[in-house]
Every structure is written in structure tokens, then in C-alpha cells.
Amino acid sequence: MSLGHPQEQHQGDIGPRLNWLRAGVLGANDGIVSTAGIVIGVAGASGSVVAIATAGIAGLVAGSLAMAGGEYVSVSAQLDSEKAALAKERWELENLPEHELDELAQFYVDKGIRPELARQVAEDLTAKDAFRAHADAELGINPDALTNPWAAALSSLVSFAAGALIPLAAILLPPGDWRVWVCVIAVALGLLITGLLSARLGGAPRLKAVLRNVGMGLITMAVTYAVGRLFGTAIA
């Protein structure tokens, strides 16, 4: 008989999906802020739609590729570490089985289980699947769910590009006099949404997350617009 609620999802099932979702939200957030900073800065220096569009599209492409490349490199390094740790654990199980059994039993003793029961648990788990038991208990790794650098790179690329489209569209579509203000409002709304999502996923206070997220975005746009105005005036 199964204990717990039939519809209940456990961390082991949803943890990887939550991690990718968090990465997607953060990628979209970065895309919104960085692209908004670029297009607002250019708008401060020049009213040229071509210049704004060129800078915004270049920022979207470069930022997406940079995010994807960085995520691929970092997750690949993590994957290499996981594979190395699993290979070491497999070698130890093949060559030092008794030592590994004692080690697994001690792990459960350290968790608070009585020594005799911890030994029985270790023996039962070893008999069923020693490698998975040790990978889970000692390394915290599921051999069937190793990190995927390509999935991480694609997630970052898509989420950054999706976020970047918000300020890019908002500053290009309205009439000239309204471009900057429409972009500011669109960016604030986008950051409000990503702030709410990140707070919900992380279990953090929503108001604080939203104020921090929107505030940093507004500061970024204010600074880059000021820089653009100064630069545009200097070379005019």
C-alpha cells in the first residue's frame, strides 16, 4: 500500500524540472534587463529606428548565444564531475565491497538510525542495487538523471531570446514620442512577472522579489538612457 497522497509530487520527481524552470525564468529576466538597457541607451543617444533595431537585435543574438555557451560549459563541467564520481564509486564497489557496505551503514547511522537497523538497511539496499544505493546516499546523484548540457544551453538560449523580445518589440512598435515610455512600462511588467515566478519557485516573499526585480530593471534603464543622452550630445 502506498503511503502519502496519490496526487502528491515528491522532490525527487519534480526537482530537475524545477531547476530548469528556475533557469528559464532567470534567463528570461536577463534577456529583458540587458536588452532593455541596450535599446534604451541607444534611444537616448539617437532617435534612429534602424540604430535601435540593429543594437537590440545584436544584443538579443549575442546575449542568447553567450547565455547558451556559458550554460553549456558550466553544465558540461558538472556532468564530467558526476561521471567521475560515479566511476570512482563503481570501482570501489567492485574492489572494496565490504568497506563500501560499512560506509553505507555508517551513513545511515550518522542520519540517526540505530546501528543494527542501519546495517540491515544497507544490506537490503546493496542486495537490490548497490550502485544506485551508494550513488544516492553518498553522492546525491541519480545515475538515470544526469545533467544535460545541451538541454541547459537550449533552455538558456530560448528563455533569454524570449525575454529580450519584450523590450525590443516595445521600443520599435510605438510612435517615436512614445517609444521609451512604452518600453519602460513593458519591461516593468515583464520583470514583475519574472519576479513573481522566481519568488514562487523559490518560496521567497513575493513583494520583496518583485520590488527588487523591477527596481533593478528601472535603474538599469535610467543609467543607460543617461549614458546614451550624454554620448549622443557629446558627438552631436
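Is Leu196 buried, partly exposed or exposed? Leu196 counts as partly exposed, because its relative accessibility is 35% (buried is under 20% relative accessible area, exposed over 50%, and partly exposed in between, with a 1.4 Å probe and protein chains only). The model is predicted, so local features need pLDDT of at least 70 and side-chain atom pairs count only at pLDDT 80 or more, while totals for chains, interfaces and linings use all residues. Residues are numbered from 1 along each chain as its sequence is written, and side-chain values use heavy atoms, with hydrogens and water left out.

**Helix H6 and its surroundings**

- Leu196 lies in helix H6 (helices, H or I with at least four residues, and strands, E with at least two, are DSSP runs numbered from the N terminus).
- H6 covers residues 179-202, 24 residues in all, and reaches 34 Å from its first C-alpha to its last, close to the 34 Å expected at 1.5 Å a residue (the expected span is 1.5 Å times one less than the number of residues).
- The buried residues of H6 include Arg179, Cys183, Val184, Ala186, Val187 and Ala188. Gly190, Leu191, Thr194, Gly195, Ala199 and Leu201 in H6 are buried too.
- Leu196 also belongs to a nonpolar surface patch with Leu192, Ile193 and Leu197, and together the four have about 320 Å² of accessible area.
- Patches are made of residues with over 30% relative accessible area and no salt bridge; like charges are joined within 9 Å, and nonpolar side chains (Val, Leu, Ile, Met, Phe, Trp, Tyr) within 5 Å. Accessible areas come from the Shrake-Rupley method with a 1.4 Å probe, and for residues only the protein chains shown count as cover.
- Just after H6, Gly203 takes a positive phi of about 70°.
- Gly215 is found in helix H7 (residues 206-235) and is partly exposed, with a relative accessible area of 23%. The C-alpha atoms of Gly215 and Leu191 are separated by 9.1 Å, and the two residues are 24 residues apart along the chain.

**Glu92 and Lys88**

- A search of the whole structure finds six salt bridges (a side-chain nitrogen of Lys or Arg within 4 Å of a carboxyl oxygen of Asp or Glu).
- One joins Glu92 to Lys88, with the closest N and O atoms 2.6 Å apart.
- Glu92 and Lys88 are separated by about one helical turn, because they are four residues apart in helix H2 (residues 49-95).
- Glu92 is buried at a relative accessible area of 13%, whereas Lys88 is exposed at 52%.
- Glu92 touches Pro97 and Glu100, not counting residues up to four places away in sequence (contact means heavy atoms within 4.5 Å).

- The side chains of Asp102 and Arg119 meet in a salt bridge of 2.4 Å, N to O. This pair links distant parts of the chain, with Asp102 in helix H3 (residues 97-110) and Arg119 in helix H4 (residues 115-139), 17 residues apart.
- Asp102 is partly exposed, with a relative accessible area of 40%, and Arg119 is partly exposed at 29% relative accessibility.
- Arg114 forms a salt bridge with Glu116, the closest N and O atoms being 3.2 Å apart. Arg114 is exposed at a relative accessible area of 51%, and Glu116 is exposed at 52% relative accessibility.
- Salt bridges that share partners join Asp102, Arg119 and Glu123 into one network.
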